Amino acid sequence: GTLVTPTFTFAHEAEDNPVIDPAVDRSEMGILTETVRLHSQARRSTAFRHSFAAIGRRATVITDIDTSLSAFDLRSSFGVMLALNTQVLLMGVTYSSSTSHHFAEFISDVPYRQTLPLTVRVRASDGTVHELPMTDYQPKSEGGSYYGARGPDFNRLGKILEDRGSVKTTFIGNAAVRRFSMRDLIDLAQVEVEKDYNVFR
């Protein structure tokens with residue numbers, strides 16, 4: 001199998017002219033993700049914010065993607081994981097921490113989010129810095145928040161998944177652990193968004 005962890009880095013957003021350095025930028029998604037990133041066999045994708053580290057036989061195909069695409073494009077790491085029927089594991093967090101739900105928003109083409117073209121400086125493995133086109137996915141509102149008084153509520157869709165028996169749950173110590181198929185989430189989201197595109201909010 002292949003282990004994939006999010007190694008998202010948000011610190012660069014506050015910088016005027018950031019340089020993305022996949023070899024050095026720390027994961028801001030917790031110690032487990034940083035441990036995977038630092039593993040000697042790990043491969044890491046290059047992204048403005050939403051990079052992944054992967055270990056295993058599918059690591060290269062998941063991380064070696066076109067950096068100009070949105071992180072949530074069907075040809076991105078998320079898209080490859082969807083095609084591979086990836087299992088999502090939430091350890092000690094609720095669905096509100098599930099970036100796979102943002103992927104579901106992208107696939108469902110919700111009207112309150114948009115893609116934005118960027119030009120980003122990236123440090124290559126040889127130390128040189130190059131400008132690369134990238135695409136970000138953000139709310140359509142000033143300041144990066146959702147329109148109006150609505151905020152994200154991914155637990156709504158998570159509860160529907162659980163009610164359908166599509167989520168396996170257990171505990172590790174005091175931490176609740178949930179596992180579900182990314183494909184089940186995307187399939188459900190596309191049905192529910194036709195009823196109410198605010199199902200994510």
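What volume does the second largest pocket have? In this predicted model, the second largest pocket has a volume of about 190 Å³. Its lining is made up of 12 residues, and those nearest the centre are Arg49, His102, Arg113, Tyr137 and Pro139. Strand 7 supplies the largest share of this lining, with three residues.

The largest pocket holds about 1100 Å³ of space. Of its 35 lining residues, Val4, Thr5, Pro6, Val88 and Leu89 come closest to the centre. Strand 1 (2-6), helix 1 (31-37), helix 3 (77-83) and strand 5 (87-91) each contribute at least two residues to the lining of the largest pocket. Here the lining consists of 19 nonpolar, 13 polar and three charged residues.

Turning to the strands, an open sheet of three strands runs in the order 2-6-7, with mixed pairing. Strand 2 (19-20) and strand 7 (129-139) form the edges, each pairing on one side only. Strand 6 (residues 113-123) and strand 7 are antiparallel and pair over 11 bridges; within this arrangement, glutamine 114 stands opposite glutamine 138 of strand 7.

Helix 4 (residues 100-108) has seven of its nine residues buried, so the rest of the structure largely encloses it. The buried residues are Ser100, His101, His102, Phe103, Ala104, Glu105 and Ser108. After helix 4 comes aspartate 109, which has a positive phi, near 55 degrees.

The whole structure contains 12 salt bridges. In one of them, arginine 123 pairs with aspartate 21, with the closest N and O atoms 3.3 Å apart. Because arginine 123 lies in strand 6 and aspartate 21 in the loop between strand 2 and helix 1, the pair ties together parts that are 102 residues apart in sequence. Arginine 123 is partly exposed, at 31% relative accessible area, whereas aspartate 21 counts as buried at 12%.

A salt bridge also joins glutamate 34 to arginine 26, with 3.4 Å between the closest N and O atoms. Glutamate 34 is buried, with a relative accessible area of 3%, while arginine 26 is exposed at 53%. Arginine 178 and glutamate 162 form a further salt bridge, their closest N and O atoms being 3.0 Å apart. Arginine 178 belongs to strand 9 (residues 175-181) and glutamate 162 to helix 5 (residues 155-163), so this pair ties together parts 16 residues apart in sequence. Glutamate 162 is partly exposed, with a relative accessible area of 32%.

Methods: Residues are numbered from 1 along each chain as its sequence is written. This is a predicted model: local features need pLDDT of at least 70, side-chain atom pairs count only at pLDDT 80 or more; totals for chains, interfaces and linings use all residues. Side-chain values use heavy atoms; hydrogens and water are left out. Buried means under 20% relative accessible area, exposed over 50%, partly exposed in between (1.4 Å probe, protein chains only). Helices (H or I, at least four residues) and strands (E, at least two) are DSSP runs, numbered from the N terminus. Two strands pair if DSSP finds at least two bridges between them. On a 1 Å grid over the protein atoms alone, a cavity is a set of points where a 1.4 Å probe fits but cannot get out, and a pocket is an open set with protein on both sides within 12 Å along at least five of seven lines; lining residues have an atom within 4 Å of a point. Grid points are joined across faces, edges and corners, and a volume is the space filled by probe spheres set on the points. Ala, Val, Leu, Ile, Met, Phe, Trp, Tyr, Cys and Pro count as nonpolar, Asp, Glu, Lys and Arg as charged, and the others, Gly among them, as polar. A salt bridge is a side-chain nitrogen of Lys or Arg within 4 Å of a carboxyl oxygen of Asp or Glu.
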